[in-house]
Amino acid sequence: MDQNDSHDPATTDRDERRWDRWGWITLVIGVLLIVWPIFLTFYSFRYPSDGWDSSSTADFGVGGRYRISDPFLNQVTPLREDDIVVAIDDRPLLPDTPPPFPGDLEVGQVVRYTLDRAGQTVEADVTLVRLPAATLLANQLALFRENPGNTLFTYMMMLLAAIVFLLRPGSLAARYLFLFAAFQLGIGVQIYQDLYAFTRPPWLSFLAALYGWGWVYIFMPCLTLLALVFPVRKWPARRFPRLLPLLLIGLPLVGAILANILVWFVGYLPAGRLLWPLTLFSASGGLIVLPIALVHNLLTIREPLPRMQMRWLALGFGLGFVLPMIVLLISFYVYPIFDPRRDRLIVIGNLAMIILPLCLAIGILHYRLFDIDVIIRRTTSYALVTGLLALIYFGSIVVLQGLLSPFMSDATPAVVLSTLLIAALFLPVRRRVQDAIDRRFNRRRYDAEKTLAAFAAAARDETDLDALLAELVRVIQATMEPEQVSVWLRPTDSPRPPGEG
């Protein structure tokens, strides 16, 4: 997925809009990542199952005991969520061993489960069923009802990534974003019950398991590569434009293929543990490279265009990642598990994550559509002002109630006085916070008058025309940040237009 670097914005824009070989390959891979799990899901519906989603409790999800999680059908069943299957037809489930199902399972056949239900042993007779095709849509609706924020984020992420890629198929950032979103959507629609994986054709189970491990060769590598190529290519991406994707994507993919071949075609279940080094390699690469690349870009990028794109990316991470994480942590640690306020905060946190792909899309496509400096400055200032005024408001209520409690039991006067205090403090606090932000993070705006005064002094004392023009270009670039600057001087010997003295 290589493309030529160019410092000319017009040339870069033209190259990014062009469909080349790698653009078409990226499109095919992205569509495959969406169609692949849907095809496997529908094909798996041909085989009988217990009608529940399940996953192995063993390392890397192969063999051993299985945990029952979610029902796919609205029917009476002896199974419950979080049941652990420990035996089938009185035959125990052992580590590194396939579940001991009888051969030639059929719809309507009864299979006896031995369950571990909250520490108690329970026997259950389970009638095998065939899932209808409508189960896929019903499952998506159930996921939306359970966590609408996460579902909306997944589909909005895919929509934004597809728009960005179709408009900029030559952009490396657009390609990696498209592949990342396609896999995230595919893994969300996949339905494949692990407990019955060994009762199905090996090729079907192999492809399903291989896709499930896509986060080690698609999810994390695409995030890592995205950080290394946007808004500017870091040294590894410039020095090894083909080797780096081959290493981050190809190596985990080959390892996942070999490990799953040993599991599903050879029957060597311990081979699943071979995925542990790949997991460590992929996760550590993303968790280490991603923050380092972001911080390095913020500190080193000087060109106006990449700096504008980096600000959009920083805004997206701040409002679309850091803020949602804070909201989700508050929901998990402040409110009990069944509190409705906790559920509302989870929805809000997941919905706020849409800001990240939205800002990234703007950064790749129309980075000059909005004044990012104004957005960042006002977002930061109003967030600080809101936090300070909220502390003052609640603190003043507590203090005033303490002072007025000996004279009156009603808290209304304290609330009214606190509200008047906040109204009086809003403009002064906002002005001081804005000045502090400009001094710390927007020195060019804060020192605009000093910059113009310095240039006026230089223009008055400078006699070298070339030096004066260089200083003029420097001041324009530092204050206005245009894509390019050019100065035209009329030759002194050219005839003057009529009417000029």
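Modeller: Gladly. A helix here is a DSSP run of H or I with at least four residues, numbered from the N terminus. Keep in mind that this is a predicted model.

Colleague: Then where does Gln 140 lie?

Modeller: Gln 140 sits in helix H3, which covers residues 135-146.

Colleague: Why is Gln 140 called buried?

Modeller: Compare two numbers. Buried means under 20% relative accessible area. Gln 140 has 13%, so it counts as buried.

Colleague: Which residues is Gln 140 in contact with?

Modeller: Leave aside its neighbours within four places in sequence. Then Gln 140 is in contact with Tyr 155, Gly 188 and Val 189.

Colleague: What makes Ala 118 exposed rather than buried?

Modeller: Exposed needs over 50%. Ala 118 has a relative accessible area of 81%, so it is exposed. Ala 118 lies in the loop between strand E5 (110-117) and strand E6 (120-127). Its phi is positive, about 55°, although Ala 118 is not a glycine.

Colleague: And why is Asp 89 called partly exposed?

Modeller: Its relative accessible area is 32%. That falls between the 20% and 50% limits, so "partly exposed" is the word. Asp 89 belongs to the loop between strand E3 (84-88) and strand E4 (91-92). Phi of Asp 89 is also positive, near 55°.

Colleague: On to salt bridges. How many does the structure hold?

Modeller: Five.

Colleague: What makes Glu 16 and Arg 168 a salt bridge?

Modeller: The cut-off is 4 Å, from a side-chain nitrogen of Lys or Arg to a carboxyl oxygen of Asp or Glu. The closest N and O atoms of Glu 16 and Arg 168 are 3.7 Å apart, so the pair passes. The pair links distant parts of the chain, 152 residues apart. Glu 16 is in helix H1 (residues 9-16). Arg 168 is in the loop between helix H4 (148-167) and H5. Both Glu 16 and Arg 168 are buried.

Colleague: How do you know that Asp 83 and Arg 117 meet in a salt bridge?

Modeller: Their N to O distance is 2.8 Å, so the pair is within the 4 Å limit. Asp 83 lies in the loop between strand E2 (66-71) and E3, and Arg 117 in strand E5, so the bridge ties together parts that are 34 residues apart in sequence. Asp 83 is buried at 1% relative accessible area. Arg 117 is buried as well, at 16%.

Colleague: What about Asp 125 and Arg 112: which strands hold them?

Modeller: Asp 125 lies in strand E6 and Arg 112 in strand E5. Their side chains meet in a salt bridge of 3.2 Å, N to O. Asp 125 is partly exposed at 41%. Arg 112 is partly exposed at 32%. Salt bridges that share partners join Arg 112, Glu 123 and Asp 125 into one network.

Colleague: How many disulfides are there?

Modeller: The count comes to zero. The rule asks for a pair of cysteine sulfur atoms within 2.5 Å.

Colleague: Are Cys 222 and Cys 359 buried or exposed?

Modeller: Cys 222 has a relative accessible area of 1%, so it is buried. Cys 359 has 5%, so it counts as buried too.

Colleague: Where does helix H9 bend?

Modeller: At Gly 250, by about 30°. H9 spans residues 243-266, and a proline, Pro 252, follows the bend within four residues. Gly 250 and Pro 252 are among the buried residues of H9. Those buried residues pack against several helices, including H5 (172-189) and H10 (275-300). After H9 comes Gly 267, with a positive phi near 85°.

Colleague: Last topic, the nonpolar core. Which members of the largest one touch the most other members?

Modeller: The largest nonpolar core has 66 residues, and those five are Leu 33, Tyr 176, Tyr 217, Phe 230 and Leu 360. H5 gives the largest share of this core, 13 residues. Leu 33 touches Leu 179, Phe 183 and Tyr 211, among others, not counting residues up to four places away in sequence. Another core, of 17 residues, lies apart, with Trp 52 and Leu 93 among them.

Conventions:
Residues numbered from 1 in each chain as written. Predicted model: local features only at pLDDT ≥ 70, side-chain atom pairs only at ≥ 80, totals over all residues. Heavy atoms only, no water. Bend = angle between axes of the 7 residues up to and from the residue. Helix = DSSP H or I, 4+ residues; strand = E, 2+ residues; numbered from the N terminus. Buried < 20%, exposed > 50% of the residue type's maximum accessible area, 1.4 Å probe, protein only. Contact = heavy atoms within 4.5 Å. Core = buried A, V, L, I, M, F, W, Y, C linked by side-chain atoms within 4.5 Å.
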